[in-house]
Amino acid sequence: MQLTQLSRRRFSQLLAGAGLGLVNFAANASIAKPEAGKEYRVLAQAQPVNAGDKIEVIEFFAYYCHFCHHLETSLAEWVKKQGDRIQFKRIHVLNPGVEAQQKLFFALDAIGKADELHNQVFEAYHVQRNRLMTDEQVRDFINKTNIDKAAFFSAYNSFTVKTKQGRSQRVMSDYEVTSWPTLIVDGRFQTSPSMAGSEHGRPSEDQANQALLPVLDWLVASAQKQKAATPK
């Protein structure tokens, strides 16, 4: 069927209106107030926070985790956008069989190289197929980087890293972490892509990741308001 010029104009207007409606829907979805027990939950016991005037945000993640890898780009952009409003840090979860990956993270963190090599570790596992399951596989990865090898392996085999690994189960329990990626805001609020995307029913991974960001915005803003209203 062919469209007349007038029909084409009306058809274009309908498409434009539909597009505007989708944009407005997305905007409204971002503005809507998240619900406790749905898009986020409140921890039974608030955890200590030492972030000064900033809001602490912790990501519990694992290098082997596909969902953590997929979230990384969006989350990194969100962290950069937040700037000095937040103090962001990561904690690698403990899971049987991936102790070497957790040691790798703690050692990189101990020498101040965790952020610098974060994406490289993800790429090694998910793209280059280095599973980082053994000390030898970790050594192979580290030897291909430009970091101080002696400093890294000193940290990797240190008592400090072993202690952090030993405390991992308790830390995960304190923050009620049972799946990952999981985000903790201000030591009190827990959310994740799956929780934030629950309003979509069965969201795609991309939908869930994008739904997470406005929930994080709202939780950080709420924590800031509460902190500002609390007498020092």
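**Group meeting: a walk around Leu108**

Okay, let's start with one side chain. If you skip its neighbours within four places in sequence, Leu108 is in contact (heavy atoms within 4.5 Å) with Tyr63, Lys113, Ala114, Leu117, Val121, Ile142, Ile147 and Phe152.

Before I go on, the housekeeping. This is a predicted model, where local features need pLDDT of at least 70, side-chain atom pairs count only at pLDDT 80 or more, and totals for chains, interfaces and linings use all residues. Residues are numbered from 1 along each chain as its sequence is written, and side-chain values use heavy atoms, with hydrogens and water left out.

So what does Leu108 belong to? Leu108 is one of the residues that touch the most other members of the largest nonpolar core, together with Phe60, Leu104, Ile142 and Phe152; that core has 37 residues. By nonpolar core I mean a set of buried Ala, Val, Leu, Ile, Met, Phe, Trp, Tyr and Cys residues joined through side-chain atoms within 4.5 Å. Buried is under 20% relative accessible area, exposed is over 50%, and partly exposed is in between, with a 1.4 Å probe and protein chains only. At least two residues of this core come from each of β2, α3, α4, α5, α6 and α7. There's also a second, separate core of 20 residues, and that one includes Leu71, Leu75, Val79 and Ala223. As background, nonpolar side chains tend to be buried together in soluble globular proteins.

The element names are DSSP runs numbered from the N terminus: helices are H or I with at least four residues, strands are E with at least two. Helix α3 covers residues 99-110, and its 12 residues should span 16 Å at 1.5 Å a residue; the end C-alpha atoms are 16 Å apart, which agrees. The expected span here is 1.5 Å times one less than the number of residues. How much of α3 is buried? 9 of its 12 residues are, so α3 is largely enclosed by the rest of the structure. The buried ones include Leu104, Phe105, Phe106 and Leu108, but also Gln101, Gln102 and Lys103. They pack against β2, β3, α4 (114-126), α5 (135-142), α6 (149-156) and α7 (159-174). Just after α3, Gly112 takes a positive phi of about 75°.

β2 (residues 55-61) and β3 (residues 86-92) pair in the parallel sense over 7 bridges; pairing here means DSSP finds at least two bridges between the strands. Phe60, which we met in the core, has Ile91 as its bridge partner in β3. With helix α2 (residues 66-82), the two strands make a right-handed β-α-β unit. Right-handed means that, with the strands pointing away from the viewer, the path from the first strand over the helix to the second runs clockwise.

Arg129 has a positive phi of about 65° although it is not a glycine, and Leu132 is another non-glycine with a positive phi, about 55°. Which of them is buried and which is exposed? Arg129 is exposed at 55% relative accessible area, while Leu132 is buried at 0%. Further along, Trp180 and Pro181 are joined by a cis peptide bond, omega about 5°, and Pro181 sits in the loop between α7 and β4 (182-185).

Last topic, charges. Side chains of opposite charge can pair when their charged atoms come close. The structure holds 9 salt bridges, where a salt bridge is a side-chain nitrogen of Lys or Arg within 4 Å of a carboxyl oxygen of Asp or Glu. Take Arg41 and Glu176, whose closest N and O atoms are 2.7 Å apart. That pair links distant parts of the chain, with Arg41 in strand β1 (residues 41-42) and Glu176 in the loop between α7 and β4, 135 residues apart. Both ends are partly exposed: Arg41 has 31% relative accessible area, and Glu176 has 22%.

Then there's Arg170 with Asp174, 3.1 Å between the closest N and O atoms. They are 4 residues apart in helix α7, so about one helical turn separates them. Arg170 is exposed at 60%, and Asp174 is partly exposed at 26%.
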